[in-house]
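Please look over the sequence and the model before reading on.

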Amino acid sequence: MRTTRDLSEIDATMLADVGGKAANLGELIRAGLPVPPGWALTTDAYRQVAAGLDLTPGDGLAARARRHLLGAEMPAPVREAIVTSYARLGADVPVAVRSSATAEDLPFASFAGQQDTVLNVVGAEAVLDAVRRCWASLWSDRAVAYRESNGVGHAGVRLAVVVQVMVDARVAGVMFTANPVTGRRRETVLDAAPGLGEAVVSGAVDPDRFVVSAGQVLERRAGGADLAVRPRPGGGVERVETAAAGLCLTDAQVLALAELGARVEDHYGTPQDVEWAIGQDGALWLTQARPITTLYPLPRPAGPGLRVHLSLNVAQGVMGPFTPMGVSVFNLVASGAATLFGHAPADRLDGPAFLAEAGQRLWIDLTTPLRSRTGRAVLTRMMPLGEARAAAVVRELAGDPRLSVAQTSPRPFLRGLRRFARRVHAPARVRDALLSPARALAHAARVGEELDRRLDPPPGATPAQRLDHAERLLGGTFPAIVSIMPIVITGYALLGLAARLSGTRVGDLQDVLRGVPNNPTTEMDLELWDLATRVEPEAFREAPAAELARRYRAGELPPRAQKEIAAFLGRYGHRGVAEIDAGVPRWSDDPTHILGVLANYLRMDAGSALAPDALFARGAPAARAEVDRVAALAARRGRWRAPVVRFALGRTRAYAGLRELPKYHAVRAIAAVRRSLRAVGEHLAAAGVLDDAADVYFLRLEEARAALSGGDLRDLVRERRAAYERESRRRHVPRIVLSDGTEPEALAGPVPDGALTGTAASAGTVTGVARVVLDPNGAHLEPGEILVCPSTDPGWTPLFLTAGGLVMEMGGAMSHGAVVAREYGIPAVVGVRDATGRIATGQEITVDGAAGTVTL
């Protein structure tokens, strides 16, 4: 046990061993900030008292640990140090005894309030008792549950104790140096109430609130606190009634506190959650500072001024982080895309300027198109098709004077469009799409065949040659596969033409898009369903997915199942959840998920009218009936319109399924690169550079190349794996974030009770039991249940076949989940804000896919 009376005397080694508050106080004192005098007990003292603690898991762990810590004899050196250090403060000086656990203030969880603070402690024996209580609070039921929910192991946590001289506070409270609701940086939010800050921190009062930005008090709101926490003579605190008499802080005090908060933030280099007090003499005191862990890290701005960033992860239905190799691979693919428009980056491995990384996720800078008259028109028309909620945010941002139109000429946009059209032969593709569907579809098939020839490196390729091949394949994949898109766009443009000629809305023509051909994702799902009708069902009854995967890998499934599953994975094993990340396993790497889905299919009656193949088969007749209806509406507006509408909708159906094909091919290329990189990883592991071949996915491409010359990257990989796991637990990822930290959606306020509305995605109405699924791996969906999820990518779609309906937080009418739901005839609503939080598994809900509503 070590103690110090002045935290400025704590050395760097000691600070590393002390919980967050003690370390913070020591740094703040050295920075000359107004922190009350105090001293710290390091975690060495806790280790001594906690020696022999029984950490056997079970319901009684928390109570058992508390009994041990409260009943264990305090070591004599620890007791003596506490008594001696307290005596140095003076006779019976009131102090605050605060806990500071090593698991606090983590990047993914603050643990704020999980351990105890004891206020106005008077007398050495009382201090000793308060220290014991703080140690024991590391094992309160709430602290144990919080650690378990955040994946923090119990064995490694320890607790230091900070003892501070009490501030006899006239007013106290909490200050955030960035707005914790909107995310806006350098906008200070203060909550204040008379008396000790405990009243504010514990939520016992409705505090006064102040918002400060750029040296101005923007908001003053009286809270109406009717009680205060005051120190009692002789120790302890009491709650006393107070009479509200206006705001408890003057503007001058608010600005002084905001300036103090800015100094703390500058000192630590990150926004801070600060507890403060103003003494009876008017002096300002800092009693605690910790980082705000809920703020999303900001992408690097691509230029000056306010920037607008769209989450590529959210748009692609990948809520988790990217692996480092996944980022590196995507940068190469995006560089190929930028090159098509004449904006090739200086270094392809860095990715284009409009793509940035933050929080191990990728962000697209929308500022340039948003500040262009032409770009703004394109964004506001196209974004609702893929991400309706993001489109609504962009429309709101268009009215922000800081994002006013700066580029009025359409020439830059048209130049880029001409380059793109020329390089993908768009005029020829559009001509074929209009005049010869056979030629258009033959071109789409040739793209796949050409990719087949380029996927694998030459036999016997060295690790360096594999990396060369990966860069060539990824850099050239996008220009090839995107040449399919002019055909797809032609089909959807003709859908719009048919809507105009018939006097209907595009959103009312959803049935035209049911059961369309040439969609590789629906073909995959239906093949899996067909497989389920052929395998031996007894092998899948009551067997967990993990056990099925083990049997498959060991060749222990019945012969037909073993053969059929191998054939399916041979064709579709490159797919998986979050498949655009090269570092994420494919179904061929781990078939657990897909075998679990297969077992679930076997619970359905193959001959039922609700069987997926039957539902899909009914889609084409329903679409033909819809075409007849729309043509009849067009005929009423002019006889010539009906044949034009039939022609347009026929082309739409021929090409709509191709929408999934470019991504399908991109994922094939990424999966091939993943396989090749595995061989590079095996070489590096054999050379001692990495512990395991899979560690290569936690390097970037340039790092993997440099590692071929030797070195030791094992510590780097371990750090990155730990950071990846932390980011995987992040609960909130903004859809759009501004460069000042603002999340525009947060400004809209909470969703009103009972209002679950989104974008109509697939017509039909269904009432059923909701199943909230945050991760499809291992998810179980009973036939007919309504799937409620954050977002989807193709790895989710096998679940659709048994779903009665679909509700998604993300997406638009043309997003992946919406397209697949329509083809299966599943009622679907997308873009439903906070659906996974407001709907509970087992709750009966009604989904109206035409109206875009979900009724609880």
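## A nonpolar surface patch

A patch is made of residues with over 30% relative accessible area and no salt bridge; like charges are joined within 9 Å, and nonpolar side chains (Val, Leu, Ile, Met, Phe, Trp, Tyr) within 5 Å. Accessible areas come from the Shrake-Rupley method with a 1.4 Å probe, and for residues only the protein chains shown count as cover. A salt bridge is a side-chain nitrogen of Lys or Arg within 4 Å of a carboxyl oxygen of Asp or Glu. The model is predicted: local features need pLDDT of at least 70, side-chain atom pairs count only at pLDDT 80 or more, and totals for chains, interfaces and linings use all residues. Residues are numbered from 1 along each chain as its sequence is written, and side-chain values use heavy atoms, with hydrogens and water left out.

V378, M382, L385, F413, L414 and L417 make a nonpolar surface patch of about 460 Å². Helices α13 (373-386) and α15 (411-423) each supply at least two residues of the nonpolar patch. Helices (H or I, at least four residues) and strands (E, at least two) are DSSP runs, numbered from the N terminus. V378 is found in helix α13 and counts as partly exposed because its relative accessibility is 33%. Here buried means under 20% relative accessible area, exposed means over 50%, and partly exposed lies in between (1.4 Å probe, protein chains only).

## Salt bridges

By the 4 Å rule, the count comes to 54 salt bridges. One of them joins E745 and R389, with the closest N and O atoms 3.1 Å apart. This pair links distant parts of the chain: E745 is in helix α29 (residues 744-747) and R389 in helix α14 (residues 388-397), 356 residues apart. R389 has 14% relative accessibility, so it counts as buried.

R675 forms a salt bridge with D456, the closest N and O atoms being 3.4 Å apart. R675 lies in helix α26 (residues 661-686) and D456 in the loop between α17 (437-454) and α18 (463-481), so the bridge ties together parts that are 219 residues apart in sequence. R675 counts as partly exposed at 49% relative accessibility, and D456 is partly exposed at 48%. In another salt bridge, the side chains of R659 and E660 meet at 2.4 Å, N to O. R659 is partly exposed at 22% relative accessibility, whereas E660 is buried at 3%. A network of salt bridges links R184, E187, D400, R402 and D740.

## Two antiparallel sheets

Strands of a sheet pair through backbone hydrogen bonds, either parallel or antiparallel. Two strands are counted as a pair if DSSP finds at least two bridges between them. Seven bridges join β2 (residues 95-101) to β4 (residues 159-165), and S100 stands opposite A160 in β4.

Another open sheet has four strands in the order β14-β15-β13-β16, again with antiparallel pairing. Its edges are β14 (355-358) and β16 (736-738), each with a single partner strand, so one side of each has no neighbour in the sheet. Strands β13 (residues 308-311) and β15 (residues 361-365) are joined by three bridges, and the bridge partner of S311 in β15 is W363.

## A strand with parallel partners

Three bridges join β18 (residues 765-772) to β19, and these strands run parallel. Four bridges join β19 to β20 (residues 805-808), also in parallel. V788 of β19 stands opposite V772 and opposite V807 in β20. From strand β19 (residues 786-789), I786 and V788 point one way and L787 and C789 the other way, and all are buried.

## A buried loop residue

Where is L509 found? L509 is in the loop between α19 (485-502) and α20 (520-532), and it counts as buried because its relative accessibility is 1%. Contact means heavy atoms within 4.5 Å. Leaving aside neighbours within four places in sequence, L509 is in contact with L495, A499, T504, E626, R629 and V630. L509 and V630 are 121 residues apart in sequence and 8.3 Å apart in space, C-alpha to C-alpha.
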